[in-house]
Amino acid sequence: MTERHEGERRPDQSMTLLTSMFERPLDPGYEAHAKARERRGLPGSTGTRTVLTVIMAVLIGLMFATSALALRQPDGSSEARERLIERIREHEAIADARSQEIRRMQEEITAIQSRNLGEGSGRVQELQRLKVVTGSQAVTGPGLVITMDDGGPEAAAACIPNGYSDGCHRVKAADLQKVTNHLWKAGAEAIAINGHRLTAQSSIRVAGQALTVNFRPLKRPYVISVIGDPDALTAEITDGKAGALLVAFKNLYGVTFDISAVDEVAVPGAVAGSLREAEVIRDDGTTETTSTVSENAP
Amino acid sequence: MIPLAGLLVGVALGLFLHPDVPLWLQPYLPIAVIAALDAVFGAVRAVMDGIFSDKVFVVSFLSNVVVAALIVFLGDQLGVGSQLSTGVVVVLGVRIFSNVAAIRRHLFSA
């Protein structure tokens, strides 16, 4: 660099920021401290083996690792999606726990009812029969288990070339509705899809791409548990309309199904029943109608 | 060498413990890391020049990180956050490069 006289301005005075950035990247504190130490007779450098330096080194390493872990997480849609899935799982767990609680209470109510109605009176039997028919009572018995699932990737790829809409290989809510309707007609006594009992007020719908039964989403494969006369049901499923539907789904769209007749299939009760009316029977036998309590259907 | 071992110990600790960074601190992390890098390379160069001082290292590191975070915060408040941090990153990057070049000269006499 050219020599400067005292007070004479450098030609590039206005660029001091950039020049100092380029020419003096090192903190001037180091030089100043080194000079001060040398004036005191100590070596210029304190050496790197001081406690302070080592502690700082550990802290800096910790900081690098922490920020790398924090900043390197994939952001954007995938993380948001992961969090949504987590929240869905949490809420599903809560819903399942509450369903358990409701079932427990329903059993309690049943026990109290049979105590108060008196064993052996026609009322208890009538109540049981109605519960099975309406679906609030869990039942076990001989029947069928039908498993339906979406077609594979080859079926998916064949949809549009075959003239069907995209996604034809997936099981639709209407498919489940038709199959279960034909099973009811063939004499099914109780039907559940993936553990959700079908009652007179049940819905089989679709939300986005998920099928829902009683507004609870289903995961594939769809397991239809049917209790009824196994022969009648098997006849319906092989020769009857339900069977024809299943075969058609398979041949046209690639939807897979599997049927097995079982000696004992357990069908759970519906979880939420709606209480519409309640009557209090006084001791003298007269009744007093309380206000109707209506809640949403399951 | 010992500080290098300390650095590796710190990195291992961080990977093992996986401390959670609070959400309000996360926007300042990137610039704090770059400021820390600048201080570290400055310290390495000072060691090679023979004028290292641990006090100056601590002070320069802390002030770098705090000032960088403050600039990001100020920029966010003023609404010029990305421009300000770009400027800070450029300056710190240039300093890192110059210090690394000096280190290279010391190491390889090239």
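User: In chain B, what share of the contacts with a separation of 6 or more comes from residues 24 or more positions apart?
Analyst: In this predicted model, residues 24 or more positions apart supply 75% of those contacts in chain B.

User: And what is the figure for chain A?
Analyst: For chain A, 65% of the contacts with a separation of 6 or more are between residues 24 or more positions apart.

User: What secondary structure does chain B have?
Analyst: Chain B has four helices and zero strands. Along the sequence, the pattern reads α-α-α-α. Of its 110 residues, 40% count as buried.

User: How many helices and strands are there in chain A?
Analyst: Chain A contains nine helices and ten strands. Buried residues account for 29% of the 298 residues in chain A.

User: How many salt bridges does the rule find across the interface?
Analyst: The rule finds zero salt bridges between chain B and chain A. It does find two residue pairs in polar contact across the interface, both at pLDDT 80 or more.

User: And how many salt bridges are there over all chains?
Analyst: The count comes to ten salt bridges over all chains.

User: Let us stay with those for a moment. What does Arg45(B) pair with?
Analyst: Arg45(B) forms a salt bridge with Asp49(B), and the closest N and O atoms are 3.4 Å apart. The two residues are four residues apart in helix H2 of chain B, so about one helical turn separates them.

User: Are the two partners buried or partly exposed?
Analyst: Arg45(B) is buried, since its relative accessible area is 18% and the cut-off for buried is under 20%. Asp49(B), with a relative accessible area of 32%, is partly exposed.

User: Which residue forms a salt bridge with Arg129(A)?
Analyst: The partner of Arg129(A) is Glu126(A), with the closest N and O atoms 3.4 Å apart. Both residues lie in helix H5 of chain A, three residues apart, which is about one turn of the helix. Arg129(A) counts as partly exposed at 46% relative accessibility, and Glu126(A) counts as partly exposed at 39%.

User: What about Arg220(A), which residue does that one bridge to?
Analyst: Arg220(A) forms a salt bridge with Asp149(A), the closest N and O atoms being 2.8 Å apart. This pair links distant parts of the chain, 71 residues apart. Arg220(A) sits in the loop between strand E6 (216-217) and strand E7 (222-227) of chain A, while Asp149(A) belongs to strand E1 (residues 139-149) of chain A. At 48% relative accessibility, Arg220(A) counts as partly exposed.

User: Which residues are linked in a network of salt bridges?
Analyst: Glu101(A), Arg104(A) and Glu108(A) are linked in such a network.

User: Moving on, is Lys131(A) buried or exposed, and what is the nearest side chain of opposite charge?
Analyst: Lys131(A) is buried and has no salt bridge. The nearest side chain of opposite charge is Glu107(A), 10 Å away. Side chains of opposite charge can pair when their charged atoms come close.

User: Where is Lys131(A) found, and what is it in contact with?
Analyst: Lys131(A) is in helix H5 (residues 122-134) of chain A. Leaving aside neighbours within four places in sequence, Lys131(A) is in contact with Thr110(A), Gln113(A), Ser136(A) and Gln137(A).

User: One more, back in chain B: where is Asp38(B), and is it buried or exposed?
Analyst: Asp38(B) lies in helix H2 of chain B. Asp38(B) counts as buried, at 2% relative accessibility.

User: Which residues is Asp38(B) in contact with, leaving aside its neighbours within four places in sequence?
Analyst: Asp38(B) is in contact with Asn64(B), Leu92(B), Arg95(B), Ile96(B) and Asn99(B), once its neighbours within four places in sequence are left aside.

Terms used: Residues numbered from 1 in each chain as written. Chains lettered and ligands numbered in written order. Predicted model: local features only at pLDDT ≥ 70, side-chain atom pairs only at ≥ 80, totals over all residues. Heavy atoms only, no water. Salt bridge = Lys/Arg side-chain N within 4 Å of Asp/Glu carboxyl O. Polar contact = N/O pair within 3.5 Å; in protein donor to acceptor, adjacent residues only side chain to side chain. Buried < 20%, exposed > 50% of the residue type's maximum accessible area, 1.4 Å probe, protein only. Contact = heavy atoms within 4.5 Å. Lys, Arg positive; Asp, Glu negative; His and termini not counted.
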